Structures are given as C-alpha cells and as structure tokens.
Amino acid sequence: MCGIYIHIPFCKRKCIYCDFYSVCGSDKLYSGFVSALNNSIKNRADKRIKADTVYFGGGTPTVLKSSQLTSILNAVKHSFDVSSNAEITVEANPCTVTRESLSELFNGGFNRISFGIQSAVDRELSALSRLHNYKQAEEAVLNAERAGFTNISADIMIGIIDQTRESLIDSIERITSLPVSHISAYLLKVEENTPLDEMIKRDRSKIARIADDDELAERYLLMNRLLKEKGFLQYEISNFAKPGFESRHNLKYWRCEEYLGFGPHAHSYFDSKRYFEDCGVTQFIDRNGEPKITYTDTDVDKAEEYIMLSLRLAEGLDTDRLARLDKEGRYSNIVSNAMEINRLSYEKLINISEDGKHISLSERGFLVSNAVISRLLN
Amino acid sequence: MKKEQIRNFCIIAHIDHGKSTLADRILELTSSVELRDMEEQLLDNMDIERERGITIKARAVRLNYKAKNGETYVFNLIDTPGHVDFNYEVSRSLAACEGAILVVDASQGIEAQTLANTYLAIEHDLEVLPVVNKIDLPSADPQNACEEIENVIGIPALDAPRISAKMGTNIEEVLERVITDIPAPKGDDNAPLKALIFDSYYDQYKGVIIFVRVKEGTLKVGETIKMLATGAQFQTVEIGYMGATSLVPSGELKSGEVGYIAASIKDIGDTRVGDTVTSVEHPCSEPLEGYKKVNPMVYSGIYPTDGAKYPDLRDALEKLRLNDASLSFEPETSIALGFGFRCGFLGLLHMEIIAERLEREYNLDLITTAPSVIYKVTMTNGDVLYIDNPTNYPNPALIASAEEPVVSANILAPSEFVGNIMELCQDRRGTFKDMKYLDETRVELHYELPLNEIVYDFFDALKSRTRGYASFDYEMKGYQVSKLVKLDILLNGEVVDALSFIVHTDKAYARGRRICEKLKETIPRQLFEVPIQAAIGGKIIARETVKAMRKDVLAKCYGGDITRKKKLLEKQKEGKKKMRQLGSVEVPQEAFMSVLKLDE
C-alpha cells in the first residue's frame, strides 16, 4: 500500500521558526497552483497503485478554499486506487478554518485533521509569531468535531521562548481536554537562517529565555507522563495517540513504506528511489504540473534506512527484518545484540525484547535518538 | 660594481612596529618592484607570515638606489625573523650585514625582542641606524622614543629619521642615512672563498637554493664548492642575486656581495644556516665564526586525526623539512592516538607554525599534544636519560635525580605592571635576578624561569596581566635540579597517554585540577557519563565528570522528507570525524591542547 502526500506550499504568514518551503500567496496564484497540481497528479495517474493514506501538508493547506482542496482530493482518487477506508488528512491552521469550511472538507472526503495549535498560552503563540490565539484554536477543534471529524490531531511545542514547566502543563491539560485523539509534540529547533535564528543572534538574551537541554529533556519526559495519563500513548518520537488513532500516513515514513508526493518540494519514496519535486511555486505553475524531479537517492540503502527510521517508532526494530535487508551483514552487531547494544541497554537508552529480536529506544533514548542511531550506524 | 657602493643591512623591529611596511616602501622607492607586482608586505611571502604579521624565514632582496649625490648604490636588504624561537637565524642574518636599521614605534617605544636583537646586532659589530616610525599616529611621541633609544641602548638617536612607513613620509632620508651611516663591505676578491649561509629553501626545479653573503674571495658558476661543517660538496649550477620578485643569474658573486647558489642540492640538511661555503680548489683555512647546530627546545606529538592519513603526514613533514632544517621528527606511537610523529621545534611559535602549515598547505587534520621540554633524568644505576615525551618518564623509584631546562628571561613593561609581572613569574617558579628602570615609566625585569613554565601559556598570561604592554624574550641558560612528577589523565578510568605531562611537585595538584576542569569544558556531553581524573602514580588527585547528554535534536519530520534526518546523522558523523575515539569516549582535538591554555 502506498501513501499520497500533497504539498500545499502557502501560508498567510510564515512563522519565524519555520524553514520549510512555503510562500505567501494570492487568490490568483492559488487557482493557478491548484490546476497545475491537479495536472501533475493526473500526469502520474496509475490505477495499479493502491493507496490507503492521503495527506495534505504544508504550508497551510487550509489557506486554499475547501472546494479547491476537495478538487485536488478528487484528482487523487481518480488517478490512484484509493481504498474506501483510506485515512485522508489535512493540516490546518486554526484561524484559516470556519465551521462551514470544515463541514465542506469533511463532506468532501477528508476524515482526519491536524491543527498546528502549539500552545494554549497566547503569549507563547505570539512569541512564535503564530497568527491564531488559543481561543480560536479551541473553536476550530470544536467546529471540526461538529463538522463530523472524529480523528483530530493537535501539535504541541516544547522549548518556546519564556515557556515554563507550569505553562507547558497548562497547555497539555487544556489541549488534551479538547476532542483530540492524536498529539504531535516536538521540541523547537532554531534552524539556521530563519527569522528566529537571526533574532537570537541579534539578541543573545533570548537564548537564556529558552530552557536549557537538561530542562527541555525533563519537560519532554514530563509531557510523556502527562499524555500517558490522559490515554495518549507514544508510538513515535514525537507522536502520541489514543489506541487506534496513530497516523497511518506518518507510520509509512518510519516503516519504510512507499509514498508519492505532489507539489513543489514534495518528497517521494517509490520503487527504491527517493526524490523530490525540485521547483518553486511559480515554476511549478509555469510548467503546469510537468514533473521536475531531483533524485536524492536512486539506490536506497534499505538496511541503513530501516535502522534509522524504525528506531523512531516505539515498536522499534525487528532484527529478523534487518537481517533480511542487510545482506552483507554490515549490521550483524545489531542483529546479534553485540556489546554496543548491551551497553546502550545497560544505560537504559534502548530496550531489548526478551527474545532479543526487537530493539527500541527508551523514553530517554528517544531524546538522544540522533546520537544513539548514529552510533549504531557506525 | 665597486664595493664602496654596496650596503648590506637588515631591519630590526618588534612585531607590528612596521618593519615589513618600511621594507615595502624601500622597495617602492628603489622602483624594484613594478606596481602590478606590489603586494603588501612583499618580503613576507608565506600566507602565515602575512596573517600573523611576522617573518618566519629570513629573506633577502637586492635593490638599486640612485642617491642624492648622483651615485647609484646597491642595497642588499636582509629581512630577519623577529621572534625568539628563531634567534639563531637572526644572528646569522645579522652576520651577513654591516648595519641594521632599528625601527621603533613612536607610540610604543622599545620592546624586549627589539632590545635583544639590537644587542645581538651590536655584538656583531653592526652599525645601528635608529628610525622612529609611525609618527602619523596621534599618540606618537618621537622625542621620547629617541630618548629611550639613547638611554636604553646607548646609541645616539636624537637625529634619528622620523618617518611614517605607512604614509611614505621621510623614507628617502632613511635611504640616504643608510649610505652615510652604514659602512660599505670589505673583503679581498682574490682571497680563498669564504661565504656565509644565512638562509636556504627548497625549489622544486633547482633543488636547494642557498642564500649567502660572500665575505672573502669570489664565487663562480661551475666551481665545486664545499660546506665546511657538513663536508658536503657540490658543483654550482647557477649563481646570482635576489631580485625583488625573482632570482637573477649573474655568473659570479664577489666579496661583499649577497646572492644565491643553486647546485642541484637535494637535502637541505647539507646547507645549514651559519655554515661556511668555500671552494674545493682554493679552500679557506678557517671557517667563519659562530656556526652552531640548532637543537630543538620543545617537543610535541603530531598525529593525524584520521589514522589512515599517517603516510600523508609523513610526506608533508618531509616536504616541510626540505625548507626548514630546524624541524626534526621521528615516528612514535600512542595508545590513544595511534601512529604519529614526535617533532622537535625551536619554540612554541615554531611549533604552531609547523602545525598550521601542515593543516593548511597539506590539508591535514591533526592532533598536536601538549609541548614538552627535554628533561634530564639520572637513574639510580647512573644512566642519564633525556626525556622529550612524558609517556617515557621513568618509574620514580628508579630516578636518582631529575633536571629541567631553565631560561634567562627579560621582560620590558610599563612600571605600573611590575607587581603583576612579579606575581606571575613567582607563580611560574621564577627566580628574580634584577630590575632596571629604563626611564620613569618603563622597567626591565630579569628572571630565571623553568622552560616548562613558559612553553605553555606564559606569553598570553603576561599579555593579559599587562594589558598587552609587556614584551618578553629569553635565552637558554642550562639545567637545574628539580622535583618533578608525571601527571596522568584518565578518561572513563583509562589513562590517556597523550595527555600525560611532567610537572613540578608543588604545582601538580593545582594543574591536575585545572586540566580536569578544562577537559570538562572541552569534552562534549556524550551518551554516557565520562569521569575525568588526574593521577600521580596510582593516586587520584582530581576528578570532574562530564554528565551524560540528555537531548539532541527532536524535530518534526514534514512530508516524508527524510533527507533532513539523514543530514542530521551525516552532521553527527562529520562531528565524529573531528573527534578521537578513546575507548568509549569521544574527545575533540582541542582537548589535547587544552592543557596549554590554563590561564583563562
């Protein structure tokens, strides 16, 4: 089964910490974009490809009209064999949706919605330059529920300037009391060349207002505990869900399953190749959806990727599967639980199942996943 | 060319007092360099020299100057290194001259190095022509600088040319004074050949090029020459003089002239600075005075970060030695660092320069261990060992006595800092010798200091305690008996041999603690806790802990773009490359040098 990813590269305003590809658009640009996008999907049409997830990400997909998003979804359904119980997600910004637009989305076939709420504290939202306040976020979630959505996700961010333990607990309490079934929680990373990065470089005192690594680690563990109490179980480094509400689309990324991406800078993994649509919005429209692909990997090292990606999941790595992928035996030390694995396990950074066939990162291990994974890959 | 029209001279100056700028102006004024070839600080033609504003190797250039009296003179300007590490090279450059221009910064006055080199010039009977530079600076006090020269050095200076090399002011006056004040060379063109080697370098096509000053006789192309100290013989292929931008063949060099010899020489070790060149057919009976073989003062281990680059490092060192006979090295192995070389240097600056050139010119990533001096250890059975690597320091039970090298140090500074300087020297186990007031505001302090106390960070410490005003110079004095111990550093319970060093008993505890603290700052947090310990014998005297890392990047993965994830892991891998894996601990390269910068 394949996943379909649709990239909507527009935002009303770009958040200061964001370094993903998105632009501020206009109605004219939007309509040109939608027809180019629909073309690009139709160009790739292949009914032999079975898909069970469709994911509209961005940017902010909901800057487009619901009718536009629905028309894109229809193009997807016409071009691929999308199963009837497919998970169809749209990301949304609380202030770009209304009760009506949400109903339209639900009726148009979307059955999962993910809101970039980030925090329940307005001061923190404005520190992130988000356009919404918490009241709007709350309303958006309730409106989504009224519209019929039962699978609603919310983002929570740790490491916001001036965030405290108390304010984080407050955000978790308030957001989880909404009708949400999935939480994406991640730590703010100051990416180079973002406005936030420049702000901090200009004014070093801002750094001091972001909690240090030890404190952030504590907060992450605190959040894990709180979410668990509320019935949200961690299934991936930064994702938590009530049982049965795990994002099937996101799981594909970590389970090394295939997905096709459409739209500027959208990434695909198909037929053992990784590639992305290598053009900006204007060029994308000019080419009217004609693909312009750049390969990042034409012969994926499946064993390496499996280690790197599967360890992000709570279910972790299956040593039998690794052994099958790793024909040259480069990672036999992992398969055979050799010393390095034992040490990591002794330090409680990884868990090994009793039969020794499943290796996963512990809660503390998740926090240092890059270091652990790169250690295992070397 | 008549000898009366030749002037051989050098320029003595403290760093930044304007030696190279003055040299550039002189080159311009004698139109020796086309404007298009003119690059700032022409004589300093290594990148490092330009950047650091220092001269590492001596250079020489021949210039023609049409004087006010209508005659054209030949000037041989020999540039000298200013740093104490290269004292011997300085002395040989001076020996090639009849005079020296002493450049003093009108706002700073005389500095220790200038003083040392000026005394050296006077010792070699050079005529010293003082020049006061930087008169364009608002803080310039030329009158005071002149008085200081008279008081401190004792040479007349009130009529010293007052110039601004930067602005080109009064440069001609300097050139005229070179003619009137500095004597022409003497010598007999028909006497047996006696030429002094004052510099040499390796040219890919011509082999070693020797820079010489002919003292007696005539050097002719095709002649077979002999180096008196090394005994090596060569047939000269090319003889000439140093033009401003290239070598100019002239076929012969007569007494009093400065020039070069190319003789298809492969090994620079055959052409030692200070040696005498003579002719095999009519050899001179006595060599020129003052030749000595320079010995390294400081030793350090140099290792490639990537063990596979060991052969590359060996090639690079061999190539560098072609140009630098004072560099010595031999293979050594460290448990922590693998295969590398024990290298001997003239001093700390020399060491830094070599390390920098290896990294820059040969594109190597290196780990340099803390420098060590040579300890002289007398064993209970009467054997005497010279230890240049702390790892080889013998078991204390077998040592009858240990000695360490001491230097005689001269420090010049404004008098308000005397207290700070004395405190520093005391702390570095110095013995006070004497103190002299140069004038009301400046003093000269004379101390004896153990060399191992100054090879680390003495100069930096001195600068920071005197707001950068102090200058410092030293010369080797000899060995003195000392209470020494070997201090080991343990990471995660294991001794890291490359971090061991030898220290005076009284300072072992403080230094051990400080190094542990310093290592704690340099070693990044890792997945596991890392204990850092300092030990003497088996006894732990200090301990610090690098706490385990709690978190790394934990960002959202958008739209299946796992390339970002990969990049993060790549970055981690790159970072790892810059680290040295010691057991289970990753140690950054700087850690091995951190013991150097304890005074922070």
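Modeller: Two residues are in contact if their C-beta atoms, placed from the backbone, lie within 7 Å. This is a predicted model, in which local features need pLDDT of at least 70 and side-chain atom pairs count only at pLDDT 80 or more, while totals for chains, interfaces and linings use all residues. Residues are numbered from 1 along each chain as its sequence is written, and chains are lettered from A and ligands numbered from 1 in the order in which they are written.

Biologist: Which residues of helix 12 of chain A meet helix 17 of chain A?

Modeller: Helices (H or I, at least four residues) and strands (E, at least two) are DSSP runs, numbered from the N terminus. In this model A:Glu304, A:Ile307 and A:Met308 in helix 12 of chain A meet A:Ile373, A:Leu376 and A:Leu377 in helix 17 of chain A. Residues are sorted into nonpolar (Ala, Val, Leu, Ile, Met, Phe, Trp, Tyr, Cys and Pro), charged (Asp, Glu, Lys and Arg) and polar (the others, Gly among them), and this helix contact has five nonpolar, no polar and one charged.

Biologist: At what angle do the axes of helix 12 and helix 17 of chain A cross?

Modeller: Axes are lines fitted to C-alpha atoms, for helices over the stretch in contact, and angles run from 0 to 180 degrees between N-to-C directions. Here the axes of helix 12 (residues 302-310) and helix 17 (residues 369-377) of chain A come within 10 Å and cross at roughly 155°. Helix 12 of chain A is therefore roughly antiparallel to helix 17 of chain A, a term for angles over 145 degrees.

Biologist: Into which domains is chain A divided?

Modeller: Domain bounds come from an automatic or database domain assignment, and chain A is divided into domain 1 (2-254) and domain 2 (302-377). Their C-alpha centres lie 29 Å apart, and ten residues of domain 1 of chain A are in contact with nine residues of domain 2 of chain A. On the side of domain 1 that touches domain 2, the largest share, four residues, comes from helix 9 of chain A, and by class that side has seven nonpolar, two polar and one charged residues.

Biologist: Is A:Thr60 buried or exposed?

Modeller: A residue is buried if 20 or more other C-beta atoms lie within 10 Å of its own, exposed if 12 or fewer, and partly exposed in between. A:Thr60 counts as buried because it has 25 C-beta neighbours inside 10 Å, and its place is in the loop between strand 2 (50-58) and helix 2 (66-79) of chain A.

Terms used. Parallel < 35°, antiparallel > 145°, perpendicular 65-115°, else oblique.
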